[in-house]
Amino acid sequence: MLRHDEMFSPADLASRPCSLWRYREPLAISGDPVTLGEGFTPLVDGELAERRVSLKLDFLCPSGSYKDRGGAVMLSKLKEWGVSEILEDSSGNAGASIASYAALAGIRARIFIPSSTSAGKAAQIEMYGAHLEKIPGSREDAARAAWEAAGRIFYASHNWSPYFLAGMKTAAYEIAEQRNWQPPDWVITPAGGGGLLLGLYLGFADLLRAGITHSMPRLAAVQSEGCDPIYHAWAAGLDDIPARAKRPTAAEGISVAQPVRGKDILQAIRGSNGVVRVVSDDTVWETLESLGRLGVYVEPTSAAAPGALSRLVRDGVIAPHEDVVIFLTGSGLKATDKIVEHAAVRHAVLA
Ligand SMILES: *Cc1c(COP(=O)(O)O)cnc(C)c1O
């Protein structure tokens, strides 16, 4: 994790760019940033599960997912270091984001993805000019293939890079600023590798430490029933996260059998007095439709977090008066192939 104590002051922000680069001090980038104006995404009111919530539309970042927060910061640092070629493995969105900012920075990128990744994400990676390697098998097989190639090329992994994680913290700064520095009671977020969850926790902790805010939101991390190592470790009271067998799931972006920052993730959940929940693929698809009826089109993975809301409310974990922000991570346009496939199967069943 990045040890870097500089913090911005809210009074300085008025004259700064409307992007995550307004929160520049904690990002530890000295040169010109590699940027497409990422961040500063809308926080809007909506009604879900018969409750008012705020939706953070972070899928509106330039490459269509919140991973641009990490991609922009990490590629800015790699450019500063003069790196000319990088390697990354991803379930798709991190690869697309990194390919995009690598193109902008003039850095060659090789991206390893599982061959099952949504066609939209693969097409996007190639359009940015990256060299795409589709690896048969699981997300873990793609990581292993990248790891083997990493002896020769700079391994710019979004799961390991402290700069990628520093970029994630801007999600917390931004939610706080958009609410006039009053953090919500809860932030519900999907969790796979756990970078977003960890970034939110560290970002809100920075604000508290600097005296900019006075509370830590409780974090609700949501996983898929098909792949639930964080849930399992949290529920069992462990202090690290063992690998766990997984099944195919509609939530491909959070299908990570063993997050690399296990201890930190569990500490973040417990440190925020948070919870972990799992949702089924049926809930994911139903929630995708509910979001659509609010005018919001996201990819199936992104429907996991809002999918957990009704249970959290019904079980009394989230109280009626509490403020809830739901983080929406990836655009529906990324996963059109999977959404069409699901609609076709459903129509066949109904017919
Ligand atoms: C990467 C990703 C996630 C999970 O984020 P982690 O930081 O790996 O926990 C959630 N949703 C989408 C769409 C993603 O691409």
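This is a predicted model: local features need pLDDT of at least 70, side-chain atom pairs count only at pLDDT 80 or more; totals for chains, interfaces and linings use all residues.
Residues are numbered from 1 along each chain as its sequence is written. Local features need pLDDT of at least 70, side-chain atom pairs count only at pLDDT 80 or more, while totals for chains, interfaces and linings use all residues, and side-chain values use heavy atoms, with hydrogens and water left out.

**Stop 1: the ligand.** You will find 17 residues, and the closest are Tyr66, Lys67, Asn93, Gly194 and Thr329 (a residue is near if one of its heavy atoms lies within 4 Å). This shell divides into 5 nonpolar, 10 polar and 2 charged residues, with Gly counted among the polar ones.

**Stop 2: the ligand's oxygen atoms.** Now select Lys67: a polar atom of its side chain lies 2.8 Å from an oxygen atom of the ligand. Next, select Asn93, where a side-chain N or O atom is 2.7 Å from a ligand oxygen. The protein covers 97% of the 380 Å² of accessible area that the ligand has on its own (Shrake-Rupley method, 1.4 Å probe).

**Stop 3: the sheet.** Switch to cartoon view. Four strands form an open, parallel sheet in the order E5-E4-E3-E6 (strands are DSSP runs of at least two residues, and two strands pair if DSSP finds at least two bridges between them). Select E3 (residues 85-89) and E4 (residues 108-114), which pair over 5 bridges. Ile86 has Ala109 in E4 as its bridge partner. Which strands stand at the edges? Strands E5 (131-135) and E6 (154-155) do, each with a single partner strand, so one side of each has no neighbour in the sheet.

How values were computed: A polar contact is a pair of N or O atoms within 3.5 Å; within protein, one must be able to donate a hydrogen and the other to accept it, and residues adjacent in sequence count only if both atoms are side-chain atoms.
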